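Please examine the sequence and the coordinates below before reading on.

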Amino acid sequence: MTDYIKAFIKNNRFAFAAFLLPVLVMVLAFAVTGVYPFGSRQIAVIDMYHQYVPFLGELQYKLQEGGSLFYSWNCGGGGNFWCLLSYYGASPLNLLLILFPKSLLMEGVTVILLIKIGLTGSFMFTYLKNAAGPAGNVQDREWGWHTVAFAGMYALCTYVIGYYWCIMWLDAVMLLPLMMLGLERLIDRGEMALYTISLALIVFSNYYIAIMVCIFVLVYYPVMYFI
């Protein structure tokens, strides 16, 4: 079992590195700018502070204490929680909030943010490693630390840094490379599983950004088809 784990880590070391690189850069940025626990600042700004974190706090309460996911009495005279959940809280990674006590809600949100950024790098590395060439076959090319670097650039692109506080939008950015790889496999090999699952997760996680992704597919598909 130990040998299997060692072999798995060795074979996927670059994917793990693509996860860790952007996470470490973000943690370093938090340290330099004095974000908690390195200072008194926090990641919650603008609507994340006033809306998203309170909504996730209500989701955390329901996950830990029980309660209807369709309605909440903790907003004014009560309101439809299912609508809030479908837009702000549908990311599967939000289930990790069940592991954090109420007093550490902000820490839980920060961990989820870092995981999303890390997975964004890892998934982009997976796409760059397996992207099909002009002939529709997987390219036999070298890949390694330079691919990790490019994946890190995607994970820390201006969109992510500028809109990280819209944490519910990051799932689409995170899953987009897998969806693109799935689209290529669908066209080249007729394999539809990766494309279907990744796009379904994007739509489920946040339908707003999913609209943008679907428009991208509409434009990108004929390019890939004729290539």
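In which helix is glutamate 58 found? Glutamate 58 belongs to helix α3, residues 47-65; helices here are DSSP runs of H or I with at least four residues, strands are runs of E with at least two, and both are numbered from the N terminus. The model is a predicted one, in which local features need pLDDT of at least 70 and side-chain atom pairs count only at pLDDT 80 or more, whereas totals for chains, interfaces and linings use all residues. Residues are numbered from 1 along each chain as its sequence is written, and side-chain values use heavy atoms, with hydrogens and water left out.

Is glutamate 58 buried or exposed? Its relative accessible area is 12%, so it counts as buried (under 20%, with exposed over 50% and partly exposed in between; 1.4 Å probe, protein chains only). Not counting residues up to four places away in sequence, glutamate 58 touches Ser72, Asn74 and Phe81, a contact being heavy atoms within 4.5 Å.

Confidence is expressed as pLDDT, the predictor's value for each residue from 0 to 100. The mean for the protein is 84, and 93% of its residues reach 70 or more. Over residues 133-140, pLDDT stays under 50, and the model has 11 contacts beyond four places in sequence for them.

Helix α2 (residues 13-33) spans 30 Å from first to last C-alpha across its 21 residues, close to the expected 30 Å, which is 1.5 Å times one less than the number of residues. Its buried residues include Phe14, Val23, Met26 and Phe30, and the buried residues of α2 pack against α5 (105-130), α6 (145-155) and α7 (158-163). After α2 comes glycine 34, with a positive phi near 75 degrees.

Leaving aside neighbours within four places in sequence, methionine 179 contacts residues including Tyr195, Leu199, Val213 and Phe216.

The largest cavity is lined by Phe55, Leu56, Leu59, Phe81, Leu84, Leu85, Tyr88 and Gly89. Helix α4 supplies the largest share of this lining, four residues.

Methods: On a 1 Å grid over the protein atoms alone, a cavity is a set of points where a 1.4 Å probe fits but cannot get out, and a pocket is an open set with protein on both sides within 12 Å along at least five of seven lines; lining residues have an atom within 4 Å of a point.
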